[in-house]
Amino acid sequence: MSPIINYVLGSVVFLLLAGLFFYLGYLSSKKIAQGKLRDTDNVVKKMLDEAQKETANLRKTAEIESKEKWYQAKIDFEKDTVEKRKSLEEFQRVLHDREINIDKKLEIVEKKEKDASRMDEELSRRERVVRSKDEKLTQLITEQNIRLERIAGLSAEEAKRELIENLREETRVEAAQMVKDIKETAKREADKEAKKIITLAIQRCAADHVVESTVSVVNLPNDEMKGRIIGREGRNIRSFEMATGIDVIIDDTPEAVILSGFSPIRREVARLALEKLIADGRIHPGRIEDVVDKCRKEVEELIQQSAEEAIYDTGVHGLHPELVSLLGRLKFRTSYGQNVLQHSKEVAILCGLIAAELDLDIDLAKRAGLLHDIGKAVDHEAEGTHTQIGVALCQKYNEPEEVVNSVASHHDDVEQTSLISVVVQASDALSGARPGARRETLETYVKRLEKLEKIADGFKGVHKAYAIQAGREIRIMVEPDELDDTLSEVLAGEVARKIEKELEYPGQIKVVVIRETRTVNYAK
């Protein structure tokens with residue numbers, strides 16, 4: 001074959017092969033495109049399915065949330081409804097109770113009106129009876145005068161005098177009965193409120209009281225310490241007594257020495273100093289003076305602290321520093337065995353409680369009660385009674401006039417000018433009269449009992465009088481033929497007034513009059 005033919009055949013074959021390859025490439029591309037189209041359709045379909053599912057889930061979630069919100073709203077509505085219903089029921093109940101109370105009050109008012117009307121009628125009736133009796137009495141007096149003139153031949157004036165003499169005893173009895181009725185009426189109205197105020201004050205107030213004497217006992221570790229306290233030729237004990245102003249008594253009492261002195265502050269300094277010297281073991285004149293000085297400063301700090309505690313406990317503020325210092329000194333002052341600082345605190349508390357019941361100035365009442373015995377802090381250093389000294393101190397440090405008058409008048413030295421002064425005096429009596437608060441010497445105690453019985457025996461119709469209950473009560477036996485029940489009531493009042501006038505005593509004394517009638521007969 002010629003080259004041309006071969007070339008042509010090669011070209012044809014090449015073209016055929018190229019067409020075949022093109023066709024095959026076309027088919028392959030078409031197939032691939034169809035495959036991609038199917039994949040795309042699948043992806044789109046899958047995305048549509050997922051979108052539909054997500055839409056369904058969102059719809060369900062929204063429905064659930066909507067149902068939950070609706071349910072919650074329903075619960076809240078029902079709860080609010082229940083609360084409002086309860087409030088309404090409570091309001092209705094309150095209205096019902098108020099209606100019942102109003103009805104009761106109306107009934108009480110109607111009853112009081114009826115009682116008032118009945119009392120008016122009773123008063124009118126009694127007035128008519130009194131008027132009638134008065135007319136009858138006038139008529140009887142006139143008839144008796146005529147009868148006396150006719151029988152005795154007496155003049156009208158003489159008959160009048162005799163009639164007055166006859167009626168005097170009867171009038172006295174009637175007057176005594178009227179006095180008794182008035183007293184009972186006053187007691188019914190006043191005793192209840194007074195007892196309430198005093199009882200509340202006493203029940204709400206409790207104070208600790210320490211009975212002190214003029215000696216203090218210091219315990220020793222052993223009896224050999226006594227010799228060291230005395231020192232060589234007694235120089236230690238002499239130095240101690242000179243530094244403290246307190247006597248040291250060393251006797252046969254085992255393991256103890258006694259400190260004696262009338263100044264409680266000095267005695268406390270001596271006690272503290274001796275205890276420190278014993279604990280330290282170094283006892284000689286130089287050491288004694290140093291320890292005593294330190295203990296004196298400690299006691300001064302204790303005095304200041306005690307005063308501040310008393311001020312805090314009673315709620316009294318704004319006192320002058322000098323008054324505060326004097327108040328603390330009362331911790332070491334006693335009166336009838338009663339600690340004066342504790343007594344002053346108790347009086348202040350009682351004053352505040354009573355003032356609260358009477359709507360008075362509570363702070364002022366407490367202040368007056370706390371300072372009422374302030375003069376006792378320096379009564380051994382200044383001239384005059386403790387009330388006079390206290391008044392001078394209060395005036396010096398610009399205390400209110402009510403406080404000054406309370407200090408001056410709590411023992412009736414001057415006239416009371418305010419209710420605060422009366423409250424202070426009553427509180428002072430309550431604190432001193434409480435059982436166990438004070439001590440009396442046997443001689444004073446016996447004399448007071450004898451004087452009490454003597455006062456009662458001095459009245460007419462008294463058979464015998466007995467002082468009992470440690471002088472808190474006097475029982476009087478009367479002659480039943482000389483005094484009746486009404487005159488016995490009068491006697492009790494007269495005895496009480498005479499006791500108030502002639503005796504000084506803490507608290508109150510109960511006067512009991514006993515009238516007994518006995519009838520005796522014999523069977524034969």
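Two strands count as paired if DSSP finds at least two bridges between them. Helices (H or I, at least four residues) and strands (E, at least two) are DSSP runs, numbered from the N terminus. This is a predicted model, in which local features need pLDDT of at least 70 and side-chain atom pairs count only at pLDDT 80 or more, while totals for chains, interfaces and linings use all residues. Residues are numbered from 1 along each chain as its sequence is written, and side-chain values use heavy atoms, with hydrogens and water left out.

- Ala 465 stands opposite Ile 476 in β7.
- β6 and strand β7 (residues 473-478) are paired in the antiparallel sense, over six bridges.
- The open sheet has three strands in the order β6-β7-β8, and its pairing is mixed.
- β6 (462-468) and β8 (510-515) are the edge strands, each with a single partner strand, so one side of each has no neighbour in the sheet.
- On average, neighbouring strands of this sheet are turned by 20° against each other, direction ignored.
- Axes here are lines fitted to C-alpha atoms, for helices over the stretch in contact (heavy atoms within 4.5 Å), and angles run from 0 to 180 degrees between N-to-C directions.
- Helix α14 (residues 485-502) lies across β6, β7 and β8 and runs at about 150° to β8.
- Strands of a sheet pair through backbone hydrogen bonds, either parallel or antiparallel.

**Salt bridges**

- A salt bridge is a side-chain nitrogen of Lys or Arg within 4 Å of a carboxyl oxygen of Asp or Glu; by this rule the count comes to 19.
- Burial classes rest on relative accessible area: buried is under 20%, exposed is over 50%, and partly exposed is in between (1.4 Å probe, protein chains only).
- Asp 485 forms a salt bridge with Arg 515, with the closest N and O atoms 3.3 Å apart.
- Asp 485 belongs to helix α14 and Arg 515 to strand β8, so this pair ties together parts that are 30 residues apart in sequence.
- Asp 485 counts as exposed at 51% relative accessibility, whereas Arg 515 is partly exposed at 31%.
- Asp 115 forms a salt bridge with Arg 118, and their closest N and O atoms are 2.3 Å apart.
- Both Asp 115 and Arg 118 lie in helix α1, three residues apart, about one turn of the helix.
- Asp 115 is partly exposed, with a relative accessible area of 25%, and Arg 118 is partly exposed as well, at 48%.
- Glu 122 forms a salt bridge with Arg 125, the closest N and O atoms being 2.4 Å apart.
- Glu 122 and Arg 125 are also both in helix α1, three residues apart, about one turn of the helix.
- Relative accessibility is 30% for Glu 122, which is partly exposed, and 38% for Arg 125, which is partly exposed too.
- An α-helix has 3.6 residues a turn, so residues three or four places apart point the same way.
- Glu 90, Arg 93 and Asp 97 are linked in a network of salt bridges.

**Nonpolar surface patch**

- Patches are made of residues with over 30% relative accessible area and no salt bridge; like charges are joined within 9 Å, and nonpolar side chains (Val, Leu, Ile, Met, Phe, Trp, Tyr) within 5 Å.
- Accessible areas come from the Shrake-Rupley method with a 1.4 Å probe, and for residues only the protein chains shown count as cover.
- A nonpolar surface patch of about 940 Å² is made by Val 13, Leu 17, Leu 20, Phe 21, Phe 22, Tyr 23, Leu 24, Tyr 26 and Leu 27.
- Leu 17 is found in helix α1 (residues 3-152) and is partly exposed, with a relative accessible area of 40%.

**Buried parts**

- Seven of the nine residues of helix α11 (residues 401-409) are buried, so the helix is largely enclosed by the rest of the structure.
- The buried residues in α11 are Val 403, Val 404, Asn 405, Ser 406, Val 407, Ala 408 and Ser 409.
- Lys 376 is found in the loop between α9 and α10 (386-396) and counts as buried at 9% relative accessibility.
- Leaving aside neighbours within four places in sequence, Lys 376 is in contact with Leu 330, Arg 333, Ser 335, Val 340 and His 386.

**Positive phi**

- Glu 255 has a positive phi of about 55° although it is not a glycine.
- Glu 255 lies in the loop between β2 (247-249) and β3 (256-260) and is partly exposed at 40% relative accessibility.
- Asp 359, in the loop between α8 (340-357) and α9 (362-371), has a positive phi near 60°.
- Asp 359 is exposed, with a relative accessible area of 71%.
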